[in-house]
Amino acid sequence: MHDFLRRLPKAELHLHIEGSLEPELMFSLAERNGIRLPYDSVEEVRAAYDFTDLQSFLDLYYQGMSVLRTAEDFHDLAMDYFRRASDEGVVHVEMHVDPQAHLARGVELPVVMEGLSLARRRAWRELGLSSALILAFLRDRPAEEAMEMLERAAPYWEMLDGVGLDSAEQGNPPEKFVAVFRFARELGIPRVAHAGEEGPPEYIRQALDLLDVCRIDHGVRCLEDPALVARLRDEQVVLTVCPLSNVRLRVVEQMADHPLPQLLEAGLRLTLNSDDPAYFGGGMLANFEACHDAFGWSRETFVALAGNALEAAFMSDERRQALL
Ligand code: ADE
Ligand code: ZN
């Protein structure tokens, strides 16, 4: 099964590129940029990744990205991930990026975009791996700041495949971001949003009704609201589920308790994703394998889930046809 899952062409729709920063690269970038880390070794960094909830992870995630300063750093970050993903049979990666978090540390948008663009072109040329870029707004910061970020991103609107909504969910409902998502819609940019990871089912409804998103990132808490589950099924809304992330952030206690089997049983359109692979114990293949170990799913189930991701991916129809 391991070989089958590795060979299965997989598209990853939910990845935070800053969450792919492995401790080894964190140390080498810290050295290159003369930055002191609050850790003495890679082992010490990994040991610190013992999270109690989303916020406890976000604290280390924002600290970790402090080593990213130059376009070359962003290029190396993304290439490092693309190589690993490609080795795991990933053929397409859609990455969220958090420019507000970089701007807050004095790293301007062109630095981020230049580095990521270069890596994306190289990944296509050298690995045959396609990618998409999702500019994410930090929901725990003011809505006006999100609007400023989208305005600042004007030179890059054409290369954005989507906008997204991430960071601390509780107390930061989608309704806070109606104006900036309306603006993205006017610009013709597709929209996705994290909802129902730690937040209530109501946030999933708001993301659909107020932000007009085409996918829900996570969405696992929909199961608390049967009418919402029926709607998600009827409208075949794609959920980008991240099983190992949910375990590591204690959304569920262990893989055996993960609601994926119920979500599947309910007829929802699911995809499997890694979220922040460097922090949560593995990439796409590890997530697929964890599902196999926990639920004993058949090959057909994995083929169907991988197919959902290819169908829902932001890619040209030509590329999709070549992969399906
Ligand atoms: N930013 C990076 N990873 C995230 C997650 N799992 N949820 C919300 N925001 C994030
Ligand atoms: Zn996420």
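Trainee: If a residue counts as buried when 20 or more other C-beta atoms lie within 10 Å of its own, and as exposed when there are 12 or fewer, is Asp275 buried or exposed?

Mentor: This is a predicted model, and in it Asp275 is buried, because 29 other C-beta atoms lie within 10 Å. Asp275 sits in the loop between β8 and α14.

Trainee: What is Asp275 in contact with, leaving aside its neighbours within four places in sequence?

Mentor: Its contacts of that kind are His14, Leu15, His16, Gly19, Cys242, Ser245 and Phe280.

Trainee: And where is His14?

Mentor: His14 belongs to strand β1, which runs over residues 10-16. His14 is buried as well, since 28 other C-beta atoms are found within 10 Å. Setting aside neighbours up to four places off in sequence, His14 is in contact with Asp217, Thr240, Cys242, Asn273 and Asp275.

Trainee: Which residues does UniProt list for "binding site"?

Mentor: The unreviewed UniProt entry lists His14, His16, His194 and Asp275 under that name. They are spread over 262 residues of sequence, yet they cluster in space, with a largest C-alpha distance of 11.7 Å. The "binding site" annotation, again from an unreviewed entry, also covers Asp276.

Trainee: Where does Asp276 lie, then, and what does it touch?

Mentor: Asp276 is placed in the loop between β8 (269-272) and α14 (277-280), and it counts as buried because it has 26 C-beta neighbours inside 10 Å. Not counting residues up to four places away in sequence, Asp276 touches His16, Gly19, Tyr61 and Ser245.

Trainee: Which residues are around ligand 1?

Mentor: The residues around ligand 1 are His16, Gly19, Leu54, Tyr61, Asp166, Ser167, His194, Glu197, Ser245, Asp275 and Asp276.

Trainee: What about helix α9, which of its residues are buried?

Mentor: In α9, residues 178-186, the buried ones are Val180, Phe181 and Ala184. Viewed down the helix axis they fall within an arc of 100°, so they line one face of α9. The elements covering them include β3 (130-138), α8 (143-152) and β4 (162-166). Just after α9, Gly188 takes a positive phi of about 80°.

Trainee: Zooming out, how many helices and strands are there?

Mentor: The protein chain has 17 helices and eight strands. Its radius of gyration is 18 Å, close to the 20 Å that the globule rule gives for 324 residues, so the chain is as compact as a globular protein of that length. The C-alpha trace spans about 50 × 45 × 45 Å along its principal axes.

Trainee: What share of the residues is buried, and what share of the contacts joins residues at least 24 apart?

Mentor: Buried residues make up 47% of the 324 residues. Among contacts between residues at least 6 apart in sequence, 76% join residues at least 24 apart.

Key: Residues numbered from 1 in each chain as written. Chains lettered and ligands numbered in written order. Predicted model: local features only at pLDDT ≥ 70, side-chain atom pairs only at ≥ 80, totals over all residues. UniProt positions renumbered as here; feature names shortened; annotations may be inferred. Helix = DSSP H or I, 4+ residues; strand = E, 2+ residues; numbered from the N terminus. Contact = placed C-beta atoms within 7 Å. Arc of directions from axis to C-beta. Near = placed C-beta within 6 Å. Rg over C-alpha atoms; globule rule 2.2 N^0.38 Å.
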